[in-house]
Amino acid sequence: KWEEFPDCNDYKHQASAKIFSKDFLYPSPTPFFCPRPFTVPLFYKFANQNDYAIVYLQKFILCISVLFIVAIFLTLVSRFYLKIFFTTVLFFYFSWWPISGWTINHLSESLSLSFMFVWIASLILYLKKPTYLNLTINLLATFFFTFTRDAWPYLLIFSYAVLLIYRNHRVIE
């Protein structure tokens, strides 16, 4: 089934190029190849373009990103029993099929969702405690999240603009 997705073939084709080459970072389109942002092909390269290794890697990255966002959400809750309740609810939510089901497909949705969770968690972490380390984590998450899908840069620019306006408005008052 994976071979029927044109995206899958594009990611594999792009992953076959050397990491720091033009063909990997910003390839030219051909009649049978549509260039993609480089984050997904990068992870395909890490999995040696092996179909089953890609699925396992996507599942592993989803697990790590869920652990990170749940850990950050738990810092916002003070009561022990509420932490247990929210942990349980969040883990059930993140194991829901519309989220975890993407990990078995060779599409960008799985890595995009995972990096979106990491981005949200890193943004909360930075807003809660603005240190250089937390800023660096947020910038790395933003960088990799931006290059998972074509439309994310626009959403991120909009999100940071709204956040900047909101924070500046609070300072003025």
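The side chains of Asp-51 and Lys-12 form a salt bridge, with N and O 2.5 Å apart. Asp-51 belongs to helix α4 and Lys-12 to helix α1, so the pair ties together parts that lie 39 residues apart in sequence. Here a salt bridge is a side-chain nitrogen of Lys or Arg within 4 Å of a carboxyl oxygen of Asp or Glu. Helices (H or I, at least four residues) and strands (E, at least two) are DSSP runs numbered from the N terminus. Lys-12 counts as buried because its relative accessibility is 14%. Asp-51, at 21%, counts as partly exposed. Buried means under 20% relative accessible area, exposed over 50%, and partly exposed in between (1.4 Å probe, protein chains only).

The model is predicted: local features need pLDDT of at least 70, side-chain atom pairs count only at pLDDT 80 or more, and totals for chains, interfaces and linings use all residues. Residues are numbered from 1 along each chain as its sequence is written, and side-chain values use heavy atoms, with hydrogens and water left out.

The protein has 9 helices and 0 strands. From the N terminus on, its elements run α-α-α-α-α-α-α-α-α. Its C-alpha atoms fill a box of roughly 55 × 40 × 25 Å along the principal axes. Of the 173 residues, 36% count as buried. Contacts (heavy atoms within 4.5 Å) were sorted by separation along the chain. Among those between residues at least 6 apart in sequence, 62% join residues at least 24 apart. The protein exposes about 11,000 Å², computed by the Shrake-Rupley method with a 1.4 Å probe; for residues, only the protein chains shown count as cover.

Another salt bridge connects Arg-149 with Glu-109, the closest N and O atoms being 3.0 Å apart. Its partners also lie in distant parts of the chain, 40 residues apart. Arg-149 is in the loop between α8 (132-146) and α9 (152-172), whereas Glu-109 is in helix α7 (residues 108-128). Arg-149 counts as partly exposed, at 32% relative accessibility. Glu-109 is also partly exposed, with a relative accessible area of 22%. Salt bridges with shared partners join Asp-7, Asp-10 and Arg-36 into one network.

Helix α8 has 15 residues. At 1.5 Å a residue, α8 should span 21 Å, and its end C-alpha atoms are 20 Å apart, which agrees. The expected span is 1.5 Å times one less than the number of residues. The buried residues of α8 include Asn-134, Asn-138, Ala-141, Thr-142, Phe-145 and Thr-146. They cover an arc of only 125 degrees around the axis, which puts them on the same side of α8. The arc is that of the directions from the helix axis to the C-beta atoms. Tyr-132, Leu-133 and Leu-139 are exposed on the other side of α8.

A nonpolar surface patch of about 390 Å² is made by Phe-60, Ile-64, Leu-67 and Phe-91. Patch residues have over 30% relative accessible area and no salt bridge; like charges are joined within 9 Å, nonpolar side chains (Val, Leu, Ile, Met, Phe, Trp, Tyr) within 5 Å. Helix α4 (residues 51-74) gives the largest share of the nonpolar patch, 3 residues. Phe-60 is placed in helix α4.

Asn-48 is exposed, with a relative accessible area of 66%. Gln-49 is partly exposed, with a relative accessible area of 29%.
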